[in-house]
Amino acid sequence: SLTWDRGKELSAHALLTSETGLPVYFADAKSPWQRGSNEHLNGLLRQYFPKGTDLSRWNADEIAAIATALNNRPRGILGWRTPAEAFADQLRSVQQQTVATIG
């Protein structure tokens, strides 16, 4: 799902949902705590797309490369691991806990 603020940038949210199946929710007015991750992501995206950038000049491969860079960026909340590293660690942990031993 995607939680968005009430800006005009997501005016075609119904089309986004119908094309991708991604449910879109909107934060309540004057409730910034509901969109903290949105504000953080906006800051990260501004490193690639300054405010006012026409996104139509970027092709799908370029957008995908930026998404990959952001998704593979180490996170402080994950002990400076990437999300993929944290996920792999979690999978290993679960597998170790569920493997039967012969005693």
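Here are some friendly notes on the pockets, a helix and an aromatic pair in this structure.

1. Some ground rules come first. This is a predicted model, in which local features need pLDDT of at least 70 and side-chain atom pairs count only at pLDDT 80 or more, while totals for chains, interfaces and linings use all residues. Residues are numbered from 1 along each chain as its sequence is written, and side-chain values use heavy atoms, with hydrogens and water left out.

2. The largest pocket holds about 820 Å³ of space. Of the 21 residues that line the largest pocket, Trp4, Asn42, Leu45, Phe49 and Leu55 are the closest to its centre. A pocket here is an open set of points on a 1 Å grid over the protein atoms alone, where a 1.4 Å probe fits and protein lies on both sides within 12 Å along at least five of seven lines; lining residues have an atom within 4 Å of a point. The volume is the space filled by probe spheres set on the points.

3. Which elements build that lining? Strand E1 (2-4), H2 and helix H3 (60-71) each supply at least two residues to the lining of the largest pocket, and H3 has the largest share, with 5 residues. Helices (H or I, at least four residues) and strands (E, at least two) are DSSP runs, numbered from the N terminus. The lining of the largest pocket divides into 13 nonpolar, 4 polar and 4 charged residues.

4. The second largest pocket has about 290 Å³ of space. Its lining has 12 residues, and Ser37, His40, Leu41, Leu44 and Arg75 lie nearest its centre. E1, H2 and H3 each give two or more residues to this lining, and H2 gives the most, with 5 residues.

5. Now to H3 itself. This helix has 12 residues and reaches 16 Å from its first C-alpha to its last, close to the 16 Å expected at 1.5 Å a residue; the expected span is 1.5 Å times one less than the number of residues. Asn59 caps the N-terminal end of H3, with a side-chain oxygen 2.9 Å from the backbone nitrogen of Asp61.

6. The structure holds 1 aromatic pair. Phe49 and Trp58 form this pair, which is edge-to-face, at 5.1 Å centre to centre and 90° between the planes. Rings of Phe, Tyr and Trp (its six-membered ring) pair if their centres lie within 6.5 Å; planes under 30 degrees apart count as stacked, over 60 as edge-to-face and the rest as tilted.

Conventions. Ala, Val, Leu, Ile, Met, Phe, Trp, Tyr, Cys and Pro count as nonpolar, Asp, Glu, Lys and Arg as charged, and the others, Gly among them, as polar. A polar contact is a pair of N or O atoms within 3.5 Å; within protein, one must be able to donate a hydrogen and the other to accept it, and residues adjacent in sequence count only if both atoms are side-chain atoms.
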